[in-house]
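Work through the exercises below with the sequence and the model side by side, trying each task before reading its solution.

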Amino acid sequence: MITRDSAVPLYIQIKEYIRQNIVSGVYSENTRIPSERQLSDQFEVSRLTVTKAITELVQEGLLHTRVGKGTFVTPGKINQELRTLTSFTEEMLRRGQSAASRVLYASVDPAEEEIARALSLVPGAKVMVLKRLRLSDEQAIALEITHIIDALCPNILVNHDFSCESLYRVLRDEYGLHMTHAQQTIEARRATATELELLKIDSHTPILSMTRITFNEQDAPFEYTRSAYRGDRYKFNAVLHSVG
Ligand code: 16G
C-alpha cells in the first residue's frame, strides 16, 4: 500500500502498486485496470498523481490506453532465445500458442541481385519466394518474405499450403535439408505503411527488422528471409559469456 510519510513520491508508489498487480496477475492481460478516478479515490490522491503513474507505465509498455475505453494491460512479449535455430511455428508451439500464416505471395521468381549475392547464386537464378503474415493465436505478429533456392525444393509451392504448414518442417522432412546454422541481424526501425496496416499497429510501435541467411551442412546458404516483427510483442534474450 502507499505511505504518505515515505521519501518515495506518491506517484511512484502508485505506479509500483499497479506494476505489482500486473506481475501477479491481479490485473490480467488485455483487461481494463480501474479508472483514474477510482484509483485517485482509493488512494486519496489527486487525479494528476494517478495520471503521472499511468503515463509512465504506458511509456514502459505495460499499459496502453484505448480512446474512450480506458487503460488496459498490455500482453507480455514473446521472449525468444537467441541461441537456437528455430522456426516461427516451433517457437509458438513451444509456448503453447497456435501458429498460422496468411500467404500474401507465393511464386518462383528470378533472384534479385541482393538475394542472389546472399545465396551465392548468379543473378536471375530461380528462387522460391514466399511472403507471409505470421499469426499467433489469431494475432498478426510478423510479416516475412522468404527466398529459398528453388533447385533445392522443386515444386514445394505446388504440393504445400503454407497458410497452415511449417516451411522448415517441409524442407527438413521432404527435401532432406539439414539446416545447421544461420546468420541473423536484428535492428529497430519504424513501420512502413504496409506493415502498419497488416500488423494492425500504430505508428508508435517499433519494428524489429531481421534478416536471416540459413546454411546447410556444406556451409552453403539456402534461405534468405527478411522479417518485420512487432516490437511490442517480441523480444530476444541471449546468454553472454565473459571473454576474460
Ligand atoms: C522464422 C525465421 C524465418 C523462417 C521461418 C520458418 C526468424 C527471424 N525467421 O520466422 O527465417 O523462414 O521461421 O517458419 O526467426 P515456419 O517453419 O514456421 O514456416
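**Exercise 1.** Find how many aromatic pairs the whole structure holds, and classify the pair formed by Tyr17 and Phe43.

*Solution.* This is a predicted model, in which local features need pLDDT of at least 70, side-chain atom pairs count only at pLDDT 80 or more, and totals for chains, interfaces and linings use all residues. Residues are numbered from 1 along each chain as its sequence is written, and side-chain values use heavy atoms, with hydrogens and water left out.

Step 1: rings of Phe, Tyr and Trp (its six-membered ring) pair if their centres lie within 6.5 Å, and planes under 30 degrees apart count as stacked, over 60 as edge-to-face and the rest as tilted. A search of the whole structure on this basis gives four aromatic pairs.

Step 2: the centres of Tyr17 and Phe43 are 4.9 Å apart with 80° between the planes, and the pair is edge-to-face.

Step 3: because Tyr17 belongs to helix α1 and Phe43 to helix α2, the pair ties together parts that are 26 residues apart in sequence; helices here are DSSP runs (H or I, at least four residues), numbered from the N terminus.

**Exercise 2.** Decide whether Phe43 is buried or exposed.

*Solution.* Buried means under 20% relative accessible area and exposed over 50%, with partly exposed in between (1.4 Å probe, protein chains only). Phe43 has a relative accessible area of 5% and is therefore buried.

**Exercise 3.** Classify the pair of Tyr234 and Phe236.

*Solution.* Their ring centres are 5.5 Å apart and their planes stand at 55°, so the pair is tilted.

Definitions and conventions: Helices (H or I, at least four residues) and strands (E, at least two) are DSSP runs, numbered from the N terminus.
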